[in-house]
Amino acid sequence: MAADLNIPAVELKNLRHQWPGQAFTLEIPALQLATGQHLFVRGASGSGKTTLLNLLCGVLTLQQGEIWLQQQRLQPNKAAVRDRIRAREIGVVFQQLNLIPYLSVLDNVVLGQAFSGKAADEARARDLLTALQLPASLWQAPAAQLSVGQQQRVAIARALLGKPTLLIADEPTSALDADNRDAFMRVLLKEANDAGSTVIFVSHDQALARYFGFQLDMNRLQDGVTPVIAEALCC
Ligand SMILES: Nc1ncnc2c1ncn2[C@@H]1O[C@H](COP(=O)(O)OP(=O)(O)OP(=O)(O)O)[C@@H](O)[C@H]1O
């Protein structure tokens, strides 16, 4: 769906998640990101980063609060509608890239579109792989034959193929050295910009904060500081 620049791309309202039997509660009263904004989420182990991402991606059922993507509400009790919105509006790059090892590079990139109800856009897949400097000679190779760095580029192409409203990245650089990490960040954010995607990027690595205009410090949530919008915590 084409982004409407006049409305928040991503909006959380009164988000609250309580794990049974745990003292930990994730509480985010309000968070808004406009189209194309890049948010860096950092925080100590156990501060709720994965819980937040899993709520956004639908791995966890929303207990309390609202999640809006491009003014579409992800209703917890309407699973089919919610899953279709997520498939169309969210792209993900996780640390474990989740490629299917025996499928070709191209098939891995277009596979996600089968779940979103869109026709597979092979032309855009080729354009993205070219932009990501993955040689055409590798496009028919099984993903398992690629280096980790090449597989990361495939994962970026897959996540951005449908020009998602929101690109979520969870520690995708943790296995990389500093040079490769910086190259990965540049390529990820450039391609996200070209796709018009808003980015939420989770990492322990504070050195990456410089790539982002906005930051959310999960430790401050635990201290009772409530960010009204991400901008309030901008570096
Ligand atoms: N499946 C679960 N069942 C019960 N409690 C959980 C579960 N998953 C997470 N928690 C609790 O929720 C809190 C936040 O965990 P979460 O995994 O979201 O933190 P995190 O910031 O992603 O940590 P890390 O950086 O170590 O991955 C922790 O106290 C954790 O024990």
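**Reading strands, helices and burial**

Q: Which residue in S4 is the bridge partner of Glu11?

A: Trp68 is the bridge partner of Glu11 in S4. Residue numbers start from 1 in each chain and follow the sequence as written. The model is predicted, so local features need pLDDT of at least 70 and side-chain atom pairs count only at pLDDT 80 or more, while totals for chains, interfaces and linings use all residues.

Q: What do the labels stand for, and how many helices and strands does the protein have?

A: Helices (H or I, at least four residues) and strands (E, at least two) are DSSP runs, numbered from the N terminus. The protein has seven helices and nine strands.

Q: In which direction do S1 and S4 run relative to each other, parallel or antiparallel?

A: Strands of a sheet pair through backbone hydrogen bonds, in either sense. Two strands count as paired if DSSP finds at least two bridges between them. Strand S1 (residues 10–18) and strand S4 (residues 64–69) run antiparallel and are joined by five bridges. They belong to an open sheet of four strands, ordered S2-S1-S4-S5, with antiparallel pairing. At its edges are strand S2 (25–33) and strand S5 (72–73), each pairing on one side only.

Q: Which strands does helix H1 lie across?

A: Such packing is read from contacts (C-beta atoms, placed from the backbone, within 7 Å). The angle is taken between N-to-C directions, from 0 to 180 degrees, with axes fitted to C-alpha atoms, for helices over the stretch in contact. Helix H1 (residues 49–57) lies across S1, S2 and S4, at about 120° to S1.

Q: What is the strand order of the sheet with parallel pairing?

A: This open sheet has five strands in the order S6-S7-S8-S3-S9. Strand S6 (90–94) and S9 are the edge strands, and each pairs on one side only. On average, neighbouring strands of the sheet are turned by 15° against each other, direction ignored. Across the sheet, S6 and S7 pair in the parallel sense over five bridges, with Val92 having Ile168 in S7 as its bridge partner. Five bridges then join strand S7 (residues 166–170) to S8, also in parallel, and here Asp170 stands opposite Val202. On to strand S3 (residues 38–42), which is joined to S8 by four bridges and runs parallel to it; Leu39 has Ile200 in S8 as its bridge partner. Helix H5 (residues 148–160) lies across S6 and S7, at about 165° to S6.

Q: How many residues of S8 are buried?

A: A residue is buried if 20 or more other C-beta atoms, placed from the backbone, lie within 10 Å of its own, exposed if 12 or fewer, and partly exposed in between. Five of the five residues of S8 are buried. Both faces are covered, with Thr198, Ile200 and Val202 on one side and Val199 and Phe201 on the other. In the whole protein of 235 residues, 35% count as buried.

Q: Why does Ser203 count as buried?

A: Ser203 has 23 other C-beta atoms within 10 Å, so it counts as buried. Its place is in the loop between strand S8 (198–202) and strand S9 (214–217). Leaving out residues up to four places away in sequence, Ser203 touches Arg42, Glu171, Thr173 and Leu208. Thr173 is 30 residues from Ser203 in sequence, but their C-alpha atoms are 8.2 Å apart.

Q: Which residues of helix H4 are buried?

A: An α-helix has 3.6 residues a turn, so residues three or four places apart point the same way. In helix H4 (residues 122–131), the buried residues are Ala125, Leu128 and Leu129. They lie on the same side of H4 because they cover an arc of only 100° around the axis. The arc is that of the directions from the helix axis to the C-beta atoms.

Q: Which residues are around the ligand?

A: A residue is near a molecule if its C-beta atom, placed from the backbone, lies within 6 Å of it. The residues are Trp19, Gln22, Phe24, Gly43, Ser45, Gly46, Ser47, Gly48, Lys49, Thr50 and Thr51. By class, this shell has two nonpolar, eight polar and one charged residues. Ala, Val, Leu, Ile, Met, Phe, Trp, Tyr, Cys and Pro count as nonpolar, Asp, Glu, Lys and Arg as charged, and the others, Gly among them, as polar.

Note on methods. Contact = placed C-beta atoms within 7 Å.
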